[in-house]
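My notes follow in the order I checked things.

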Amino acid sequence: MRLKLKQGLNKIDDDNSSGVDTRPTNYTTVRIFGTDVIIAAIDEDVITNQPPAGSSKKRKERVESSRAKQPMPKQKRKKLKHEATFGAQPCLPQRFKEMIKCMDGSEEKLIIQKALYKTDLSKHHGRLSIPMNQVEVEFLTDEELKQSSKEGIEALVIEPCLKTRDMSLRIWDMPKPTGRFSSVYVLVTGWKSVVEGNDLKVGDVIQVWSFRVNSKLCFALVIVP
C-alpha cells in the first residue's frame, strides 16, 4: 500500500475545539519541516488504476468463457494417398519377370491379392473369383470390357508352377439375397487343373497380375509364401 498526501497537506489541529475528529479513518502522520502532516492511505490498486485483488482471476474466466463461445477454426484434413488393400505394393517375383521378358511381355499390373475361399477351390464352381470392388487397377480396355461381358476374353495364364495354359476371363453377375447383383471377374476354362496342379488350399494367398504380349491380355498367378 502506498501513501498519498491528502489535499492541502492538512495540519493536525491540536486546538480543535469542536471535538470532532476530522482526520481520515485510514491515515498516518509524518513530520515535514517541523510540522505534523496528515497523510491519507490510498489503496495501491486505486493509484495504479488496476482492478482489485482477485479480479485477474475473474478476467481470465471471462476470457476463457468468450473463447469457448467462439467456434474453433476447422483444421483441414490431410488427403491420404490411396493405399492398396494388401498394404505395401508387392513386387512380381523374379522368376515371373524373366519369363514375361522372354515372352516379350510388358505392362505388368497387380490386379488383386486375395485369400482363396472354399468356393474358389470347389469343383462345382470351377472358377477363380476376382471381385470388382477389390480390383486395385483398371486392366481392361473398353473393347475388352464389352467382350468379357459377353463371350469372355481368351488369355494366356502363367500358373504358380510357371506352366502356361489358355484360360478365359469373364464377368459374372452374382445375385444377392436383396435381389440385387454384384459383378465379379472370373477366370474359367482349366481352373480345376490349376488348383490340382499347384496343390492350392483354402487360405492360400494368391496374387493375380496382368500383362500384355503384343497387346494381348495375359495373367500371372503368384502364390504368396
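I began with E4 and strand E9 (residues 205-213), which are antiparallel and joined by eight bridges. Within this pairing I found Ile112 opposite Val208 in E9. I note here that the model is a predicted one.

Next I traced the whole sheet. I read it as an open sheet of seven strands with mixed pairing, in the order E4-E9-E10-E6-E7-E8-E5. Strand E4 (105-115) and E5 are at the edges with a single partner strand each, so one side of each has no neighbour in the sheet. I looked up the twist as well; from one strand to the next it averages 35°.

Then I went through the hairpins. E6 and E7 run antiparallel and are joined by six bridges. For Ala155 I looked up the bridge partner in E7, and it is Met167. The hairpin of E6 and E7 has five residues between the strands, and Leu162 there takes a positive phi near 75°.

E7 also pairs with E8, in the antiparallel sense, over eight bridges. I found Ile171 opposite Tyr185 in E8. This hairpin has five residues between its strands, and I noted a positive phi of about 95° for Gly179 in the turn.

Which strands does helix H3 (residues 94-102) touch? I listed E4, strand E6 (153-158), strand E7 (164-175), E9 and E10. The direction of H3 makes about 140° with that of E4. H5 lies across E6, E7, strand E8 (181-188), E9 and E10, and I noted that H5 runs at about 75° to E7.

I checked where the two residues sit: Phe139 is in the loop between strand E5 (128-131) and helix H5 (142-149), and Phe219 is in strand E10 (residues 216-223).

Notes:
Residues numbered from 1 in each chain as written. Predicted model: local features only at pLDDT ≥ 70, side-chain atom pairs only at ≥ 80, totals over all residues. Heavy atoms only, no water. Helix = DSSP H or I, 4+ residues; strand = E, 2+ residues; numbered from the N terminus. Pairing = 2+ DSSP bridges. Axes fitted to C-alpha atoms, helices over the stretch in contact; angles between N-to-C directions. Contact = heavy atoms within 4.5 Å.
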